Amino acid sequence: MNKAPAPTKTQGAVMVQSSMAPTLTLSPTMPGRTTKAWLALADLMDAPLTQPDWLLLGQGRGWRLAAAINLLRDLGWPIASRWVRPPRYKNPIKRYWLEPEGQRLAHLAMKGHAPC
């Protein structure tokens, strides 16, 4: 039968209870520069977006804003959304925006200074 090891005394040891709640830090991944997700991230830095807004921006953005948003979320970007009903639309549509910390990281990343 094995005995448990005897406790040892350590001079100056201090027991500190750590928090059980995990500390979350935001560290999203940048999408490829030639992707619609990159375009969406760049546009979200300027203002909230709906699909009609994105179409008006043109330059190859197209009808797949929701797909680009889902990819950005999968990459860790904090994108919020809510349903809105613009005046000319019968059905509600989604409006997307970057949360403040995401805005900060996106600006840094686009300038090449972010840890993304």
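1. Let's start with the pocket. The largest pocket is lined by Gln51, Pro52, Leu55, Trp63, Leu65, Ala66, Trp83, Tyr89, Pro92, Ile93, Lys94 and Tyr96. Helices α2 (51-57) and α3 (65-74) and strand β2 each give two or more residues to this lining. A pocket here is an open set of points on a 1 Å grid over the protein atoms alone, where a 1.4 Å probe fits, with protein on both sides within 12 Å along at least five of seven lines; lining residues have an atom within 4 Å of a point.

2. A word on the source: this is a predicted model, in which local features need pLDDT of at least 70, side-chain atom pairs count only at pLDDT 80 or more, and totals for chains, interfaces and linings use all residues. Residues are numbered from 1 along each chain as its sequence is written, and side-chain values use heavy atoms, with hydrogens and water left out.

3. Now for α3. Its buried residues (under 20% relative accessible area, 1.4 Å probe, protein chains only) are Leu65, Ala68, Ile69 and Leu72. Seen down the axis of α3, they fall within an arc of 100 degrees, so they line one face of the helix. These buried residues pack against α1, α2, β1 (79-84) and β2. Gly76, with a positive phi near 100 degrees, follows α3.

4. Helix α4 (residues 100-110) buries Gly102, Leu105, Ala106 and Ala109. Down the α4 axis, these buried residues lie within an arc of 105 degrees, so they line one face of the helix. Their cover includes α1 (36-46) and β2 (93-98).

How values were computed
Buried means under 20% relative accessible area, exposed over 50%, partly exposed in between (1.4 Å probe, protein chains only). Helices (H or I, at least four residues) and strands (E, at least two) are DSSP runs, numbered from the N terminus. The arc is that of the directions from the helix axis to the C-beta atoms. Contact means heavy atoms within 4.5 Å.
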